[in-house]
Amino acid sequence: MSERAEVVVIGGGQAGLAAGYYLRRAELDFVILDRQDHPGGAWQHGWDSLRLFSPAEYSPLPGWRMPHQEGETFPTAGHVVKYLHDYEQRYELPVRRHIQVSGVRANDRGLNIETDHGNWHTAFVISATGTWDTPFVPAYPGIAEFTGEQLHTVDYSSPERFRGRRVLIVGGGNSAAQIVAEVSMVAETTWATLRPPRFMPDDVDGRVLFDVATKREVARKTGASAAGVSGLGDIVMVPSVRAARNRSVLHPRPMFDRLTGEGVAWDDGVAASYDAIIWCTGFRPTLDHLGPLGLSRKNGVPRTIGTRSVDESRLHLLGYGDFTGFASATLIGAGRTAKDAVRDITSRLPPTGRGSQNP
């Protein structure tokens with residue numbers, strides 16, 4: 001089976017839906033291919049207590065702000081999943097589910113997308129597969145020697161499985177801080193970070209990050225310097241993290257030098273034993289499907305100008321992190337970069353060809 005569309009979006013999470021919104025407004029012929037069985041993207045796979053660190057109204061996709069969640073200042077992951085589901089329905093986005101894309105190949109007439117449900121032919125591809133499927137664990141010496149349990153953020157669901165155990169949590173971001181906060185309630189917990197974490201003031205949450213993203217976007221569009229605009233790397237003091245601070249458990253140790261069979265060791269001779277290690281060490285873009293294109297890379301990611309691939313001008317990448325646009329892996333950032341990508345695609349299509357392209 002072979003099908004055609006003017007634009008094919010790969011991935012139906014927040015970035016893919018944002019792209020769909022602007023493609024719909026541009027009246028282009030498009031389809032969104034998603035491997036998930038249900039709407040919600042990676043939000044449907046987070047740990048049980050996962051929440052946004054900003055109020056709903058500060059986490060919008062384009063066109064429709066997220067509704068308030070009754071009784072919650074910071075929406076739960078379940079609320080975000082419902083929002084993405086309703087967003088998809090609201091704008092009648094053409095999402096094809098349970099489709100795994102295995103490869104994207106180029107030819108003189110366009111791009112071919114290979115899937116487990118047949119192929120697609122298109123003029124442009126927007127890749128929006130996110131990062132959740134590619135967890136990153138650093139290659140520390142002795143990592144294969146540790147006999148306890150090792151897991152990543154993607155494997156974590158709740159603290160109960162660690163009750164009464166000795167747990168090491170590795171990583172200096174928001175996920176690590178939130179997991180430390182709840183695991184420390186039931187287990188003997190150590191937190192290790194590569195550099196001292198930076199905690200935001202108690203009265204600062206995602207609303208400030210929203211403003212930061214806005215200022216960065218204005219600076220980019222006007223050509224002004226964004227050097228004086230704060231970054232987004234600080235840990236937000238959501239209620240669980242504030243409570244952990246008040247219990248004096250947010251005191252990380254410097255990173256260890258190696259793992260041992262029983263735990264970890266530092267070069268100063270100090271060693272500690274653990275039953276489990278939770279690696280909250282981030283993700284890498286999920287881009288195996290772009291392998292056939294042979295894209296060149298810089299700092300480990302495909303080279304782009306904005307969202308457009310340097311090597312394949314018919315390819316845009318959305319939602320993978322700052323290399324595809326500042327804060328593009330956030331809800332609000334996904335919308336802003338999607339707008340730019342669709343604008344570029346629209347400008348390169350012949351006016352009479354929209355909705356009827358024949359790659």
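**Assignments and their grounds**

Modeller: Let us begin with Val 7, which is found in strand 1 (residues 2-10). The model is predicted, and the protein has six helices and 19 strands.

Colleague: Why is Val 7 called buried?

Modeller: The relative accessible area of Val 7 is 0%. Buried requires a value under 20%, so Val 7 is buried. Across the protein, buried residues make up 52% of the 359 residues.

Colleague: Which residues is Val 7 in contact with, leaving aside neighbours within four places in sequence?

Modeller: The contacts of Val 7 are Leu 23, Leu 28, Asp 29, Phe 30, Val 31, Thr 122, Phe 124, Ile 126 and Ile 345. For the protein as a whole, 63% of the contacts between residues at least 6 apart in sequence join residues at least 24 apart.

Colleague: Which members of the largest nonpolar core touch the most other members?

Modeller: That core has 66 residues, and Tyr 87, Ile 126, Phe 162, Ile 169, Val 183 and Ile 278 touch the most other members. Helix 1 (residues 14-25) gives the most to this core, with seven residues. Not counting residues up to four places away in sequence, Tyr 87 touches Leu 17, Tyr 21, Leu 61, Pro 62, Trp 64 and Leu 93. A second, separate core has 19 residues, including Ile 99, Val 101, Ile 113 and Leu 293.

Colleague: What makes Tyr 140 and Trp 279 a tilted pair?

Modeller: Across the whole structure, a search finds 15 aromatic pairs. For Tyr 140 and Trp 279 the centres are 6.2 Å apart and the planes make 35°. Tyr 140 lies in the loop between strand 6 (118-127) and strand 7 (149-152), and Trp 279 in strand 14 (residues 276-279), so the pair ties together parts that are 139 residues apart in sequence. Trp 279 has a relative accessible area of 1% and is therefore buried.

Colleague: Why is the pair of Phe 256 and Trp 266 called edge-to-face?

Modeller: Their planes make an angle of 85°, with 6.5 Å centre to centre. Edge-to-face applies over 60 degrees, so the name follows from the angle of 85°. Phe 256 is in the loop between strand 10 (253-254) and strand 11 (258-259), and Trp 266 in the loop between strand 12 (263-265) and strand 13 (271-273); the pair therefore ties together parts that are ten residues apart in sequence. Both residues, Phe 256 and Trp 266, are buried.

Colleague: How do you know that the charged end of Arg 253 sits over the ring of Trp 266?

Modeller: The charged end of Arg 253 is 3.9 Å from the centre of that ring. The distance cut-off is 6 Å, together with a condition on the angle to the ring normal, and Arg 253 is listed as sitting over the ring of Trp 266. Arg 284 likewise lies over the face of Phe 136, at 3.7 Å from the ring centre.

Colleague: Why do strand 7 and strand 10 count as edges of the sheet?

Modeller: The open sheet has five strands in the order 7-14-8-9-10, with parallel pairing. Strand 7 and strand 10 each have a single partner strand, so one side of each is left without a neighbour in the sheet.

Colleague: What makes strand 8 and strand 14 a pair?

Modeller: A pair needs at least two bridges, and four bridges join strand 8 (residues 166-170) to strand 14. One of the residues involved is Leu 168, whose bridge partner in strand 14 is Ile 277. Helix 3 (residues 174-183) packs on the sheet, where it touches strand 8, strand 9 (188-193) and strand 14; its direction makes about 165° with that of strand 8.

Colleague: Why is Asn 299 called exposed, whereas His 98 is called partly exposed?

Modeller: Asn 299 has 77% relative accessibility, and exposed means over 50%, so Asn 299 is exposed. His 98 stands at 47%, which falls between 20% and 50% and therefore counts as partly exposed. Asn 299 has a positive phi of about 55°, and His 98 one of about 60°.

Key. Residues numbered from 1 in each chain as written. Predicted model: local features only at pLDDT ≥ 70, side-chain atom pairs only at ≥ 80, totals over all residues. Heavy atoms only, no water. Core = buried A, V, L, I, M, F, W, Y, C linked by side-chain atoms within 4.5 Å. Buried < 20%, exposed > 50% of the residue type's maximum accessible area, 1.4 Å probe, protein only. Helix = DSSP H or I, 4+ residues; strand = E, 2+ residues; numbered from the N terminus. Contact = heavy atoms within 4.5 Å. Phe/Tyr/Trp six-rings, centres within 6.5 Å; stacked < 30°, edge-to-face > 60°. Lys NZ or Arg CZ within 6 Å of the ring centre and 35° of its normal. Axes fitted to C-alpha atoms, helices over the stretch in contact; angles between N-to-C directions.
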